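Colleague: I would like to go through this model with you. Could you bring it up, please?
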Amino acid sequence: MPDTTVVAGKQSLPLIEYLARVGRRSADTCMTGCLRPRQLIALNVLAERGPMTQHAVGVALSLDPSNVVGLLNVLEERGFVTRRRDPADRRRHIVELSEVGSGELAHTYDRLELVEDELFKGLTAAERTTLHTLLARAVDALTPSTCEPSPCAGPCRPPQGDPCQGEGQD
């Protein structure tokens with residue numbers, strides 16, 4: 001079993017937050033007109049998993065159903081996704097990445113690569129791959145079905161009066 005002890009003062013969250021802030025600033029400058037982060041993630045989920053129900057999109061993104069509808073409305077208006085009734089259950093919608101959405105996803109990733117090249121210029125290609133692998137593993141471990149209540153519940157809905165709920169959360 002791996003050692004999960006963290007030394008005081010060696011927490012990663014402040015570093016991740018700093019890199020995210022610098023990355024957002026750079027992305028805002030270099031990626032004008034590209035997908036916003038939540039839109040990018042939604043299209044990426046659809047690209048990786050294929051067509052899925054609107055509810056499944058919400059679960060995959062850890063979003064409230066009303067926020068999912070708003071997000072998908074914007075993506076559909078821009079032609080990036082299509083929604084159709086599920087033939088098996090007319091109350092459900094199936095969401096699918098469109099050809100236009102696939103092209104926009106590729107364009108945004110090309111621009112994002114330029115931002116990341118600058119942000120991570122102090123890392124080798126192998127270190128960047130390792131960083132991505134570790135971050136992806138941490139994200140995968142936060143699936144809604146595995147979330148348990150805690151004072152800082154992460155992407156799960158935090159308990160009322162959560163002391164960890166701070167400013168700037170999305």
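Colleague: Is Thr108 buried or exposed?
Modeller: Thr108 counts as buried because its relative accessibility is 0%; buried means under 20% relative accessible area, with a 1.4 Å probe and protein chains only. This is a predicted model, in which local features need pLDDT of at least 70, side-chain atom pairs count only at pLDDT 80 or more, and totals for chains, interfaces and linings use all residues. Residues are numbered from 1 along each chain as its sequence is written, and side-chain values use heavy atoms, with hydrogens and water left out.
Colleague: Which element holds Thr108, and what does Thr108 touch?
Modeller: Thr108 lies in helix 5 (helices are DSSP runs of H or I, at least four residues; strands are runs of E, at least two). Not counting residues up to four places away in sequence, Thr108 touches Met31, Cys34, Leu35 and Leu40, where contact means heavy atoms within 4.5 Å.
Colleague: Turning to helix 3, which of its residues are buried?
Modeller: In helix 3 (residues 54–61), the buried residues are Gln54, Val57, Gly58 and Leu61. They are on the same side of helix 3 because they cover an arc of only 100 degrees around the axis, taken from the directions from the helix axis to the C-beta atoms.
Colleague: What covers them?
Modeller: The cover includes helix 2 (37–49), strand 1 (52–53), helix 4 (65–77), strand 2 (81–86) and strand 3 (89–97).
Colleague: And what comes just after helix 3?
Modeller: Ser62, which takes a positive phi of about 55 degrees.

Note on methods. Buried < 20%, exposed > 50% of the residue type's maximum accessible area, 1.4 Å probe, protein only.
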